[in-house]
Amino acid sequence: MKLYIKPKSKELQKILQRPSMDYSDLEDKVSQILEEVKAKGEESVIRFTELFDGVILDTLQVSTAEFEAAEQQVAEDLKQAIQTAKSNIERFHQSQKTASIEVIETMEGIRCWRKSVGIQKVGLYIPGGTAPLFSTVLMLGIPAKIAECEEVILCSPPRKDGTLHPAILYAAKLVGISKVFKVGGVQAIAAMAYGTESIPAVYKIFGPGNQYVTLAKQLVTKEGIAIDMPAGPSEVMVVADETAVAAFVAADLLSQAEHGADSQVVLVAFEEELVRNVQFEINRQLEVLPRKDIAAKALQNSLAIIAEDREAALEMVNEYAPEHLIVSLQNARDFAEKVVNAGSVFIGNYSPESVGDYASGTNHTLPTNGFAKAFSGVSLDSFVKKITFQELTPKGLQNIAATVETMALAEELMGHQKAVEIRRIG
């Protein structure tokens, strides 16, 4: 980890810059795959699955028998863990549901209101390569079902034997997703965007993925397909003082570093002694991680910063806008309340980021790469549209006619003015 000691405000933007991601070499390749799937459908999806995943598939959709077999393969303790996580995630997201529609009378005879409507067709992408993210099935499938989306489909890359990880299928069945397809990578994004013989086209695509998947999602937005948010490699920032436990901090940093070699972790401390203690713990704990090599590469992109005081630390947090922020400070909640740019915040020494990744109830699909300055993480709102309504009585139209006609004429839009006038004068 690179160490910076009490940097000035004007230096922060440069210091906190993420490792650059150059997609220019990938764009032509990704675009070609998208275009071929758009033109040739299922034939191309099957061909790319053989090419990239090394699997020849006759049928892309997961069968009832495969769901049943998967359920038998999942250990009982994992089933119980998934069920507990589902309950917490469901409870938190259910609380976000709008209970009623409030009608506002803005003027006499003019009634306005807004209604939430589930997006009809959504597609969920679940990575299954170096880590089968069955937890993401819960994070995306649960709010989709609460939002009452009419059609929810799921795509995930097949394993070498042509199956999906059983925990992915178990989680899908548990949340009520029956349309699951053994497709990964760019071809999965293309299939959900354009549709194939068996995979329905959707209106919005959710889910994390590697740089190819991320770029594919960005490219299909140019054709009117919505996506959950811009995304990049996973990241965590930990702000820690003398009350923090070095071993805890190191474990939190490593838990994100093991996501991928392009992940970034940042430690903001107030004393060099804590940084040294955390570094010692990182070196010790790293040795026992199965994904040691991946985490070690991520640590090469990572930072430790000594802040002048809590105000300087807060400035760093809001400038960096981390995907995950862990606040291991005395009076941690007071500090956390002042944070305005972060995806999800974990308060105190006993709130590891891992609980948010799996089971506390909050969503782990979060803005990365500084997008937390303007984007929220996935929530129930991500799966609904807000439609506004207005209803005017004849009296209401008379009350507002002069206002609208005056404004329309001032903008030189006489058609707008006439649409009111013709009703006003009968």
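This is a predicted model: local features need pLDDT of at least 70, side-chain atom pairs count only at pLDDT 80 or more; totals for chains, interfaces and linings use all residues.
Visitor: How many disulfides does a search of the whole structure find?
Guide: A disulfide is a covalent bond between the sulfur atoms of two cysteines. To count as one here, two cysteine sulfur atoms must lie within 2.5 Å. With the whole structure searched, the number of disulfides found is zero.

Visitor: Which cysteine has the sulfur nearest to that of Cys 155, and how far away is it?
Guide: Cys 155 is buried, with a relative accessible area of 0%. Cys 155 takes part in no disulfide, and the nearest cysteine sulfur is 16 Å away, in Cys 149.

Visitor: How many salt bridges are there?
Guide: Side chains of opposite charge can pair when their charged atoms come close. The cut-off used here is 4 Å between a side-chain nitrogen of Lys or Arg and a carboxyl oxygen of Asp or Glu. By that rule, the count of salt bridges is 19.

Visitor: Which strands hold Glu 391 and Arg 111?
Guide: Glu 391 and Arg 111 form a salt bridge, with their closest N and O atoms 2.9 Å apart. The pair ties together parts that are 280 residues apart in sequence, because Glu 391 lies in strand S14 and Arg 111 in strand S3. Glu 391 is partly exposed, with a relative accessible area of 43%, and Arg 111 is partly exposed as well, at 34%. The strands asked for are S14 for Glu 391 and S3 for Arg 111.

Visitor: Are Asp 228 and Lys 217 buried or exposed?
Guide: The side chains of Asp 228 and Lys 217 meet in a salt bridge of 2.8 Å, N to O. Asp 228 is in the loop between strands S8 and S9 and Lys 217 is in helix H9, so the pair ties together parts that are eleven residues apart in sequence. Residues under 20% relative accessible area count as buried. Both Asp 228 and Lys 217 are buried.

Visitor: Why is helix H9 described as largely enclosed by the rest of the structure?
Guide: The buried residues of H9 include Leu 215, Lys 217 and Leu 219. Their cover includes helices H2 and H8 together with strands S4, S7 and S8. H9 is largely enclosed because its buried residues number seven of ten.

Visitor: What is the nearest side chain of opposite charge to Asp 252?
Guide: Asp 252 lies in helix H10. Leaving aside residues up to four places away in sequence, Asp 252 touches Val 236, Val 238, Ile 326, Pro 352 and Glu 353. Asp 252 is buried yet has no salt bridge, and the nearest side chain of opposite charge, 13 Å away, is Arg 284.

Visitor: Which residues make the nonpolar surface patch of about 320 Å²?
Guide: One of them, Val 245, lies in the loop between S9 and H10. Val 245 counts as partly exposed, at 32% relative accessibility. The patch is made by Val 245, Phe 248 and Tyr 350.

Visitor: What distance separates the C-alpha atoms of Tyr 203 and Gly 123?
Guide: Tyr 203 lies in the loop between H8 and S7 and is partly exposed, at 40% relative accessibility. Among the residues Tyr 203 touches are Ile 119, Gln 120 and Lys 121. Tyr 203 and Gly 123 are 80 residues apart along the chain, and the separation of their C-alpha atoms is 7.8 Å.

Visitor: What is the phi of Ala 321?
Guide: Most residues other than glycine have a negative phi. Ala 321 is buried at 0% relative accessibility, in the loop between helix H13 and strand S12. Its phi is positive, near 55°.

Visitor: Is Asn 331 buried or exposed?
Guide: Asn 331 is found in the loop between S12 and helix H14. The phi of Asn 331 is positive, near 55°. At 52% relative accessibility, Asn 331 counts as exposed.

Technical notes:
Residues are numbered from 1 along each chain as its sequence is written. Side-chain values use heavy atoms; hydrogens and water are left out. Buried means under 20% relative accessible area, exposed over 50%, partly exposed in between (1.4 Å probe, protein chains only). Helices (H or I, at least four residues) and strands (E, at least two) are DSSP runs, numbered from the N terminus. Lys and Arg count as positive and Asp and Glu as negative; His and the chain ends are not counted. Contact means heavy atoms within 4.5 Å. Patches are made of residues with over 30% relative accessible area and no salt bridge: like charges are joined within 9 Å, nonpolar side chains (Val, Leu, Ile, Met, Phe, Trp, Tyr) within 5 Å. Accessible areas come from the Shrake-Rupley method with a 1.4 Å probe; for residues, only the protein chains shown count as cover.
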